[in-house]
Amino acid sequence: MKYVELGKTGEKVPAIGFGTWKLGNEGIDAIKRSIELGANLIDTAEMYGNEAIVGRAIKGTNAFIATKVSPHHLHYEDVIKACNRSMQLLGIKQIDLYQIHWPNPAIPIKETMKAMEKLVDDGKIRYIGVSNFSLNELKEAQSAMSKYDIVSNQVEYNIMVRGIEDDLLPFCRKENITVIAYSPLARGEIFKEKKVYELLNELASKYGKSIAQISLNYLIAEGGVVAIPKASIIKHVEENVGAADFTISKEDMMKIRHFL
Ligand code: NAP
């Protein structure tokens with residue numbers, strides 16, 4: 001497994017984690033297998049409605065738990081309550097990474113961040129992250145922090161949706177804010193889109209890897225990025241974990257970048 005420093009925390013997290021959106025009881029074994037293989041950053045959210053299931057899967061493991069507060073819970077007291085609820089559902093005394101799921105322009109970011117910092121002070125969460133924040137929203141959120149750093153921004157990033165490569169990704173790398181790439185397999189679209197499939201298939205044959213492994217490797221290759229594929233099939237979990245252990249040549253990285 002390849003590791004990435006989470007923000008400037010000194011804490012190492014695996015470059016391949018595991019996303020749990022739409023995962024129910026049938027996903028418990030997949031989560032357990034992912035943790036067993038070292039892809040132990042498990043991402044959920046109060047909005048997913050599955051924190052209790054995730055809690056059952058991670059019990060007694062060394063999972064690194066990332067969950068999220070919903071955008072309609074960003075007033076001070078609501079953040080505190082949402083965090084307590086998530087901890088209870090997950091069956092843990094501390095959340096490793098607590099993320100703001102989406103920005104909410106109707107609620108001052110300063111108020112939300114004050115609550116997030118209080119949660120760190122109270123030992124309920126270890127690190128503060130955001131999700132779906134644009135470059136400007138991220139800068140604004142950063143300046144609303146009084147004691148701690150924003151360690152991560154979770155955004156859509158896959159071989160078919162690469163807009164962050166223009167501005168957000170370079171900024172995050174410069175500022176040491178980890179990008180957590182969601183929908184890293186484009187929700188399965190990479191297997192359906194002809195042009196994408198053909199290029200990935202060619203590279204998969206060349207490297208003796210799968211299409212999913214080529215796609216995930218591309219995202220994490222240059223550092224500062226953690227990809228969190230969702231997989232309910234164990235074979236998929238095992239394949240995804242193996243996406244970190246090889247190197248795509250510079251020429252092939254450029255081929256992907258310019259072709260797609
Ligand atoms: P995704 O991970 O891009 O794709 C999931 C799909 O890919 C599933 O159908 C899965 O099938 C399939 N798959 C996984 N590994 C595969 C493999 N090795 N070979 C072939 N197919 C494979 O989609 P996602 O669930 O949208 O994104 C991942 C996670 O990102 C979510 O679960 C969630 O944690 C997070 N997310 C966050 C936000 C946000 O707003 N912050 C939004 C969307 C998603 P099986 O299930 O059959 O294995």
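A: The following account considers selected salt bridges in turn and then the cysteines.

The model is a predicted one, and a search of the whole structure finds 18 salt bridges. One of them joins Arg33 to Glu238, with the closest N and O atoms 2.8 Å apart. This pair links distant parts of the chain: Arg33 belongs to helix α1 (residues 28-36) and Glu238 to helix α9 (residues 234-241), 205 residues apart. Arg33 is partly exposed, at a relative accessible area of 24%, and Glu238 is also partly exposed, at 35%.

Another salt bridge is formed by the side chains of Asp121 and Lys147, at 2.5 Å from N to O. Here too distant parts of the chain are linked, since Asp121 lies in helix α4 (residues 109-121) and Lys147 in the loop between α5 (135-143) and β8 (150-156), 26 residues apart. Asp121 has a relative accessibility of 39% and therefore counts as partly exposed, whereas Lys147, at 52%, counts as exposed.

Arg162 and Glu165 also form a salt bridge, their closest N and O atoms being 3.0 Å apart. Both partners fall under the 20% limit for buried residues: Arg162 has a relative accessibility of 15% and Glu165 one of 18%. The pair is part of a network of salt bridges that links Arg162, Glu165, Glu222 and Arg257.

As to covalent links between cysteines, a disulfide requires two cysteine sulfur atoms within 2.5 Å, and the count comes to zero disulfides. Cys83 counts as buried, at 0% relative accessibility, and Cys172 counts as buried at 1%.

Technical notes: Residues numbered from 1 in each chain as written. Predicted model: local features only at pLDDT ≥ 70, side-chain atom pairs only at ≥ 80, totals over all residues. Heavy atoms only, no water. Buried < 20%, exposed > 50% of the residue type's maximum accessible area, 1.4 Å probe, protein only. Salt bridge = Lys/Arg side-chain N within 4 Å of Asp/Glu carboxyl O. Helix = DSSP H or I, 4+ residues; strand = E, 2+ residues; numbered from the N terminus.
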